Amino acid sequence: MNKKTLILLIVVFLCFVFTSCSQNKTIQRMPSDEKWRIAEEYFNRGKFNRAIPYYQQLVLERSSFFVADAQFKLGECYFNRGGRDNFIDAIFEYQEFLRLFADHRLAADAQFRIAQSYSRLSLSAEYTQEDTNRAIEHFTRFTERYPTDSRVSEAYTYIAEMQMKILEKVYLNGYIYYKTRDYPASELYLDEIIALGHRNDLEKMSWFYKALIHIDRRESEEAMTAIETLQRYFPESKEVRKAETRFKRMNSRFFRFIYSL
């Protein structure tokens, strides 16, 4: 970066700082009802960036009539902007709202939004599921605190989706250990899925890899049990045919070996 570019960047930064300071001072001098009116106008037009400074100033006015609603609307601004950083900011603002105004008419909305924000932060099953677990925790808290709320059924739907992602993570752990040929570790995870008895794709694939593990170990009886379970619960699946083919190959190699002796 040359000297002229550096100077230009510094000038732009200083202009931004001075403009922001000037804007904040202008907002500070406004009556509370005027701040609220402008903030709401920007919010309703989807101009969340422009609404935020007005809500922030209202939040600082602890004796203001608008402080609680402004605190909640700050969370709404960040939530509606979307993106990881904004969801994190939204969670902070909603939690601050609940800390200060636990009995407010919007408390249920704030709790639901916190849970939704964590669900938005939840990564796919290949990654850590900390935010997924937090989403489950906060949706559960919502159903317990507000059992008559119209969104309880929606919260349970979210919980089911998040729990499925946790199970996908368990299955993927088993699959990864299978691919690295750490069969004991793989079976721990696959058995966790199988024990649930959900009869879904995760259980189907868990039985499939259990069968392959036993085939690789030359454990004919256990392999046959796994294949028969696949046949019983998932008779039309291609995994049944694949496992049967692998089992036949194992036996043919075994008999050729015995015959060569």
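Two rings of Phe, Tyr or Trp count as a pair if their centres lie within 6.5 Å, and the pair is stacked when the planes are under 30 degrees apart, edge-to-face when they are over 60, and tilted for the rest. With this rule, the count for the structure above, which is a predicted model, comes to 22 aromatic pairs. Let's work through some exercises.

**Exercise 1. Classify the ring pair of Phe-72 and Phe-97, then say which helices it ties together.**

Step 1: A pair of aromatic rings is described by the distance of the centres and the angle of the planes.

Step 2: For Phe-72 and Phe-97 the centres are 5.6 Å apart and the planes stand at 65 degrees, so the pair is edge-to-face.

Step 3: Now place the residues. Phe-72 belongs to helix H4 (residues 67-81) and Phe-97 to helix H5 (residues 84-100), so the pair ties together parts that are 25 residues apart in sequence.

**Exercise 2. Classify the pair of Phe-142 and Tyr-146, and decide whether Phe-142 is buried or exposed.**

Step 1: The centres of these two rings are 5.6 Å apart and the angle between the planes is 45 degrees, which makes the pair tilted.

Step 2: Buried means under 20% relative accessible area. Phe-142 has a relative accessibility of 0%, so Phe-142 counts as buried.

Step 3: Try its partner. Tyr-146 has 21% relative accessibility and therefore counts as partly exposed.

**Exercise 3. Find the residues that ring pairs link into a cluster, and find the Arg residues over the face of Tyr-233.**

Step 1: The cluster linked by ring pairs contains Trp-36, Phe-43, Phe-48, Tyr-55, Phe-65 and Phe-66.

Step 2: Turn to Tyr-233. Arg-199 lies over the face of this ring, 3.6 Å from its centre.

Step 3: Arg-232 also lies over the face of Tyr-233, at 4.9 Å from the ring centre.

**Exercise 4. How do helices H8 and H9 pack?**

Step 1: Helix H8 (residues 152-179) and helix H9 (residues 183-196) have axes 7 Å apart, at an angle of about 150 degrees.

Step 2: Angles over 145 degrees count as roughly antiparallel, so H8 is roughly antiparallel to H9.

Step 3: The crossing of H8 with H9 is left-handed.

Step 4: Residues making the contact include Leu-167, Val-170 and Tyr-171 of H8, together with Tyr-189, Leu-190 and Ile-193 of H9.

**Exercise 5. What does the secondary structure of the chain come to?**

Step 1: The chain has 12 helices and zero strands.

Step 2: Of its 261 residues, 45% count as buried.

Step 3: Among contacts with a separation of 6 or more, 53% come from residues 24 or more positions apart.

Methods:
Residues numbered from 1 in each chain as written. Predicted model: local features only at pLDDT ≥ 70, side-chain atom pairs only at ≥ 80, totals over all residues. Heavy atoms only, no water. Phe/Tyr/Trp six-rings, centres within 6.5 Å; stacked < 30°, edge-to-face > 60°. Helix = DSSP H or I, 4+ residues; strand = E, 2+ residues; numbered from the N terminus. Buried < 20%, exposed > 50% of the residue type's maximum accessible area, 1.4 Å probe, protein only. Lys NZ or Arg CZ within 6 Å of the ring centre and 35° of its normal. Axes fitted to C-alpha atoms, helices over the stretch in contact; angles between N-to-C directions. Parallel < 35°, antiparallel > 145°, perpendicular 65-115°, else oblique. Left-handed = near helix turned anticlockwise from the far one by under 90°. Contact = heavy atoms within 4.5 Å.
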